[in-house]
Amino acid sequence: MNGPQIHQQRWQHALKAVAHRVEPLPMTRATGRVVRATGMVIEAVGLQVALGDSCRIELPGTADHTAAGSAHDYAEAEVVGFAGDRLFLMPLGEISGLMPGARVLPLGDGSVNASRRFPLGESLLGRVVDGTGAPLDGLGELDDAPRAPLATPPLNPLSRAPIEEQIDVGIRAINALLSVGRGQRMGLFAGSGVGKSVLLGMMARYTRADVIVVGLIGERGREVQDFIDNILGPEGRRRAVVVAAPADTSPLQRLKGAAYATRLAEGFRDDGKNVLLIMDSLTRYAMAQREIALAIGEPPATKGYPPSVFAKLPGLVERAGNAEPGGGSITAFYTVLTEGDDQQDPIADSARAILDGHVVLSRSLAESGHYPAIDIEASISRAMNAIVDDGQRRQAQGFKAMFSRYQRNRDLISVGAYQPGHDPRLDEAVRRYPDLEAFLQQRIDECATLEASRQALSSTLGGTP
């Protein structure tokens with residue numbers, strides 16, 4: 001075979017490869033156009049695209065390209081609602097240069113679900129990504145990672161493994177008095193500036209889990225780098241994936257970030273791993289949904305929150321938990337910001353009802369230098385009775401009863417109105433209170449194992465149940 005024949009065969013092979021890629025594509029492609037843009041919402045007509053699908057909005061290109069009429073920039077948006085033949089689109093980022101009549105193209109061929117597919121799997125360990133799955137750490141693209149949509153079918157509640165095994169979170173007060181089971185979903189309730197992030201960081205470092213998935217949703221951008229460097233550290237980062245959607249990102253990207261972090265945890269759980277999911281915060285997720293719902297005209301219901309917010313919360317939280325017996329698990333901690341330290345805030349109240357327990361942080365304790373500032377009287381673990389033995393259960397009840405008795409009489413003790421000898425139980429509470437308070441405090445660099453926490457509890461109570 002001579003040279004021209006070889007050259008011809010190569011061209012034929014290349015053309016066949018191109019034809020194989022082109023054949024599945026449709027001969028025509030539907031496009032729509034922008035007819036209105038108000039606030040965060042862009043309205044388009046001329047397309048029939050499903051709710052939740054992604055589209056691209058054509059924008060003017062650079063000055064050089066625009067003059068030649070040869071190129072355009074595109075902004076990605078998602079369908080968040082519709083009314084008649086109008087689609088309500090919300091962009092994933094800031095849009096500049098949008099003009100009336102701009103073309104809108106479905107992300108896909110328009111005949112199948114055109115939702116975005118996100119990278120998953122072990123190749124993301126040690127990486128930091130945004131709410132759309134794009135890398136933020138400068139360590140290269142994730143082109144080789146398997147991809148899947150965010151939506152997953154819900155697990156049958158009867159097929160889930162029960163919560164039977166206690167997990168070590170490294171915090172003495174939680175291990176001994178608010179025991180957490182593998183597959184449990186706990187809320188961390190606190191106002192701003194009382195140590196939520198620090199406590200989460202301690203759990204991330206000390207909790208025994210195969211994989212850690214961290215979702216930093218709607219928080220300060222500064223905290224992302226701080227959490228990675230100072231809280232996770234090199235050792236924790238190797239087994240962690242961080243999804244960051246700070247406060248300056250669009251509400252849609254914050255919503256996606258929380259769902260993506262949960263989807264990553266589900267992927268590792270389906271591989272049989274025990275996952276620790278940390279989400280900071282659930283309140284910012286609810287606020288992002290509120291922004292979107294109000295922008296498309298949904299009426300507010302409770303303190304400005306539309307009904308869809310309270311429907312979204314359980315849909316996100318219920319995805320965590322145990323898989324089938326013998327499978328993996330997702331133990332989840334969600335922070336809940338109580339505005340003005342109001343524990344009856346609608347989001348806090350809703351989260352308290354759907355979670356398996358809550359740890360409440362007290363501002364007064366934080367201001368007095370008591371760390372971690374856990375209000376042990378207001379906190380509870382609903383799975384504790386199923387995962388600890390009778391001895392620890394009785395000791396925990398005795399600790400709380402003694403601590404509560406002292407707190408109820410604190411004012412009398414402070415002003416000198418307390419007289420010993422009238423109430424033996426109060427006398428014992430006053431005598432042991434310094435030990436009780438010391439038990440609840442823990443340095444940031446101190447790890448308290450399960451066994452050490454139980455021994456400390458027994459020693460604090462003097463070996464009495």
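User: What percentage of the 465 residues in the protein chain is buried?
Analyst: This is a predicted model, where local features need pLDDT of at least 70, side-chain atom pairs count only at pLDDT 80 or more, and totals for chains, interfaces and linings use all residues. Residues are numbered from 1 along each chain as its sequence is written, and side-chain values use heavy atoms, leaving out hydrogens and water. Buried means under 20% relative accessible area, with exposed over 50% and partly exposed in between (1.4 Å probe, protein chains only). By that cut-off, the buried share of the chain is 49%.

User: How many helices and strands does the protein chain have?
Analyst: Both come from DSSP runs numbered from the N terminus: helices are H or I with at least four residues, strands are E with at least two. The C-alpha atoms fill a box of roughly 105 × 60 × 45 Å along the principal axes. Inside the chain, the tally is 15 helices and 17 strands.

User: Is α4 roughly parallel or oblique to α5?
Analyst: Helix α4 (residues 196–206) packs on helix α5 (residues 221–238) at about 45°, with the axes 10 Å apart. Axes here are lines fitted to C-alpha atoms, for helices over the stretch in contact, and angles run from 0 to 180 degrees between N-to-C directions. Under 35 degrees counts as roughly parallel, over 145 as roughly antiparallel, 65 to 115 as roughly perpendicular, and the rest as oblique. That makes α4, relative to α5, oblique.

User: Which residues of α5 make the contact with α4?
Analyst: Contact means heavy atoms within 4.5 Å. On the α4 side, Ser-197, Gly-201, Ala-204 and Arg-205 take part. Across from them, the α5 residues are Glu-223, Phe-227, Asn-230, Ile-231 and Leu-232.

User: Is Val-336 buried or exposed?
Analyst: Val-336 lies in strand β15 (residues 329–337). Leaving aside residues up to four places away in sequence, Val-336 touches Leu-188, Phe-189, Ala-190, Leu-282, Thr-283, Ala-348 and Ala-351. Its relative accessibility is 0%, so Val-336 counts as buried.

User: What distance separates the C-alpha atoms of Val-336 and Val-309?
Analyst: Along the chain, Val-336 and Val-309 are 27 residues apart. In the model, their C-alpha atoms are separated by 14 Å.
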